Amino acid sequence: MDIKNDEDVSMQPAAQIKPKATAQDACKRSDYISWDEYFMGVAHLSGMRSKDPNTQVGACIVSPANKILSMGYNGFPCGCSDDAFPWAREGEMLDTKYAYVTHSELNAILNYRGGSLEGTKLYVSLFPCNECAKAIIQAGIRTVVYDSDKYNGTPSNVASKRMFEAAGIACVPYHHTGRTIEIAL
Ligand SMILES: [Zn+2]
């Protein structure tokens, strides 16, 4: 019986033995993205799934151990077609998106089926509206890291901030690092 063992290193010529790692290979990369860049990047990437022609928002919920638990973006509920329901911002209530759209933060909360979100952190590309603020507080999320706050001072925004402050939720503005990432898909 002819048994050939290709894995037998002793049979390989000396030239094929891998050289020892250089000093540079042995050190870890130094230009890896930070946790904040990673999670806010994932939030923005999620927002790119939105069909809303005017506003694309993404959210990412992270555990205290820096594990991503859930993600979401603004869109209509399951079964409500993106083509059949309206994306308009003006007109009769029933003819606008406001009657139907679910925001990214609420979607991220509802998408999570793994148990409790108590003590988690939420990264979101736009400061939460008052309706999402209620859901964030009730879900047990303790920290909100937000990017844009373009609606600062509007009644919804002020209501959110009032509730977050009363509930002891930390609201942390995301600090841009200036890094841009291009991903070939
Ligand atoms: Zn909202």
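Two residues are in contact here if their C-beta atoms, placed from the backbone, lie within 7 Å. This is a predicted model, in which local features need pLDDT of at least 70, side-chain atom pairs count only at pLDDT 80 or more, and totals for chains, interfaces and linings use all residues. Numbering starts from 1 along each chain as its sequence is written.

Q: What makes residues count as touching Y123, and which are they?
A: By the 7 Å C-beta criterion, Y123 touches F39, M40, A43, A59, C60, V62 and V145, leaving out residues up to four places away in sequence.

Q: Why are helix 3 and helix 4 called roughly parallel?
A: Helix 3 (residues 104-111) and helix 4 (residues 130-139) pack at an angle of about 30°, with axes 9 Å apart. Angles under 35 degrees count as roughly parallel, and the two helices are therefore given that description.

Q: Which residues make the contact between helix 3 and helix 4?
A: E105, L106 and I109 of helix 3 meet C132, A135, I136 and A139 of helix 4. By class, this contact has 6 nonpolar, no polar and 1 charged residues.

Q: How do you know that helix 3 is largely enclosed by the rest of the structure?
A: A residue is buried if 20 or more other C-beta atoms lie within 10 Å of its own. In helix 3 that applies to S104, E105, L106, N107, A108 and I109. With 6 of its 8 residues buried, helix 3 is therefore largely enclosed. Its buried residues pack against helix 2, strand 1, strand 2, strand 3 and helix 4.

Terms used
Axes fitted to C-alpha atoms, helices over the stretch in contact; angles between N-to-C directions. Helix = DSSP H or I, 4+ residues; strand = E, 2+ residues; numbered from the N terminus. Parallel < 35°, antiparallel > 145°, perpendicular 65-115°, else oblique. Nonpolar A, V, L, I, M, F, W, Y, C, P; charged D, E, K, R; others polar. Buried ≥ 20, exposed ≤ 12 C-beta atoms within 10 Å, placed from the backbone.
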